[in-house]
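Biologist: Before I rely on the labels attached to this model, I should like to hear the reasoning behind them. May we go through them one by one?

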Number of protein chains: 2
Amino acid sequence: MGAVKTTRMPRAVREQQMLDAAVRIFGRRGYMAASMDEIAELAGVSKPLVYLYLNSKEDLFSACIRREATALTEAVRAGVRPELPADRQLWEGLRAFFTHTAQHPDGWSVLHTQARTHGEPFAAEVGELRREFVAFVTQLIAVTAREAHRDPDLPEREVSGLAEALVGAAESLAAWANATPGVTARQTAATLMNFAWVGLDNLMTGKPWTPPAA
Amino acid sequence: MGAVKTTRMPRAVREQQMLDAAVRIFGRRGYMAASMDEIAELAGVSKPLVYLYLNSKEDLFSACIRREATALTEAVRAGVRPELPADRQLWEGLRAFFTHTAQHPDGWSVLHTQARTHGEPFAAEVGELRREFVAFVTQLIAVTAREAHRDPDLPEREVSGLAEALVGAAESLAAWANATPGVTARQTAATLMNFAWVGLDNLMTGKPWTPPAA
């Protein structure tokens with residue numbers, strides 16, 4: 001316990017510093033290549049202290065996923081104002097999402113790339129986050145469909161499909177924006193609104209794209 | 001070499017049977033949980049013969065990724081008719097894509113889920129496949145923009161972003177369609193066309209979604 005006694009910082013603060021360092025190393029190096037030595041050094045603590053607090057490399061990675069998922073969900077929730085029309089809600093939600101992923105590229109890399117490229121139980125934890133976003137978008141589309149009196153024409157299954165498409169597009173764009181210098185969160189959100197909402201809007205007002213005869 | 005001599009089948013045929021079995025087991029169980037015993041049994045060969053032909057579990061998984069990626073790319077290429085207008089090309093491409101992923105759910109699971117959840121070198125191999133699809137969609141959008149004389153207003157970066165969004169949406173929808181009973185490839189492609197093309201079409205004809213003032 002010697003290492004613990006040398007610090008005057010509360011445990012919670014120390015732990016956050018370790019997680020900050022771990023997200024950075026995991027996000028940049030990947031789970032396999034990340035070294036606990038490097039994480040401890042970046043956090044300014046001893047390696048035994050990291051193990052004492054976070055138990056194992058696997059548990060540390062899980063803790064990173066949970067913290068980053070919670071932060072991203074809270075950022076999007078804080079950005080959305082439920083009293084606005086659905087398109088404005090989606091716009092605010094997307095801006096909050098892309099702002100957060102741009103400000104926390106290592107965290108987004110952990111969630112989008114690293115957590116999914118290292119099997120279970122990590123993939124299941126980000127699956128939960130994804131389901132929450134799909135539910136949010138599904139509800140926005142359903143509200144819009146109801147307002148446009150399109151319920152009978154737009155079955156629940158179609159709404160689910162549109163929500164899946166939009167979330168997949170947002171995930172893909174966040175990774176692209178972080179890899180493309182000079183793209184702002186606002187531009188990325190506008191690209192997706194142009195891509196998605198204008199199409200949805202036409203769909204709602206009864207101007208769908210018509211497939212050629214089978 | 002006894003096991004090889006007992007067969008009258010050419011090596012190439014045997015190898016395809018092993019890959020068929022491997023795609024099914026990897027796609028359903030995941031890379032870690034898949035057992036070489038089960039793959040050999042399903043292929044109707046001895047386990048040593050699988051190792052003799054495909055070398056290792058890792059090499060077998062890589063061979064599955066390459067075969068499924070090639071099959072999917074060829075299916076989409078065969079579906080697209082370059083003489084058609086861009087929206088019809090995208091429609092045919094999406095139909096071919098969703099038809100193939102619906103007919104080969106285990107292959108799609110290997111490419112979309114398993115290859116990405118087990119680190120390198122597997123993730124890099126599907127990355128190549130993805131870049132090819134993004135390039136195809138980018139070119140369709142660029143052609144459409146040129147036809148609509150929108151070049152100066154639609155910078156290259158915006159086109160890249162739209163293509164990333166569309167490919168992300170398609171990946172997300174393929175996984176959703178395979179997990180949702182009763183959804184046809186045609187319906188899935190129409191959902192994405194409604195989501196994407198109608199929006200793109202408005203964008204091209206100068207009716208973008210307008211973000212509220214900053």
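This is a predicted model: local features need pLDDT of at least 70, side-chain atom pairs count only at pLDDT 80 or more; totals for chains, interfaces and linings use all residues.

Biologist: How many aromatic pairs does the structure hold over all chains?

Modeller: The count over all chains is 12 aromatic pairs. One example is Phe97(B) with Phe98(B), whose ring centres are 5.2 Å apart and whose planes meet at 75°.

Biologist: Why is the pair of Phe97(B) and Phe98(B) called edge-to-face?

Modeller: Ring centres must lie within 6.5 Å to pair, and planes over 60 degrees apart count as edge-to-face. With centres 5.2 Å apart and planes at 75°, Phe97(B) and Phe98(B) are therefore an edge-to-face pair.

Biologist: What makes Phe97(B) and Phe98(B) buried?

Modeller: Buried means under 20% relative accessible area. Phe97(B) has 7%, so it is buried; Phe98(B), at 2%, is buried as well.

Biologist: How do you know that the span of helix α9 of chain B agrees with its number of residues?

Modeller: Helix α9 of chain B covers residues 156–179, and at 1.5 Å a residue its 24 residues should span 34 Å. Its end C-alpha atoms are 35 Å apart, which agrees.

Biologist: Why is α9(B) described as largely enclosed by the rest of the structure?

Modeller: Because 18 of its 24 residues are buried.

Biologist: What makes Lys57(A) a charge over the ring of Tyr31(A)?

Modeller: The charged end of Lys57(A) is 5.0 Å from the centre of the Tyr31(A) ring, and the limit on that distance is 6 Å. In chain B, Lys57(B) lies over the face of Tyr31(B), also at 5.0 Å from the ring centre.

Biologist: Why is Asp59(A) called partly exposed?

Modeller: Asp59(A), which lies in helix α5 (residues 57–79) of chain A, has a relative accessibility of 32%. That value falls between the 20% and 50% limits, so Asp59(A) counts as partly exposed.

Biologist: What makes the phi of Asn55(A) worth a remark?

Modeller: Most residues other than glycine have a negative phi. Asn55(A) is not a glycine, yet its phi is positive, about 80°. Its place is in the loop between α4 (47–54) and α5 of chain A. In chain B, Asn55(B) likewise has a positive phi, near 80°.

Biologist: How do you know that Asn55(A) is exposed?

Modeller: Exposed means over 50% relative accessible area. Asn55(A) has 52%, so it is exposed.

How values were computed
Residues are numbered from 1 along each chain as its sequence is written. Chains are lettered from A and ligands numbered from 1 in the order in which they are written. Side-chain values use heavy atoms; hydrogens and water are left out. Helices (H or I, at least four residues) and strands (E, at least two) are DSSP runs, numbered from the N terminus. The expected span of a helix is 1.5 Å times one less than its number of residues. Buried means under 20% relative accessible area, exposed over 50%, partly exposed in between (1.4 Å probe, protein chains only). Rings of Phe, Tyr and Trp (its six-membered ring) pair if their centres lie within 6.5 Å; planes under 30 degrees apart count as stacked, over 60 as edge-to-face and the rest as tilted. A charge sits over a ring if NZ of Lys or CZ of Arg is within 6 Å of the ring centre and within 35 degrees of the ring normal.
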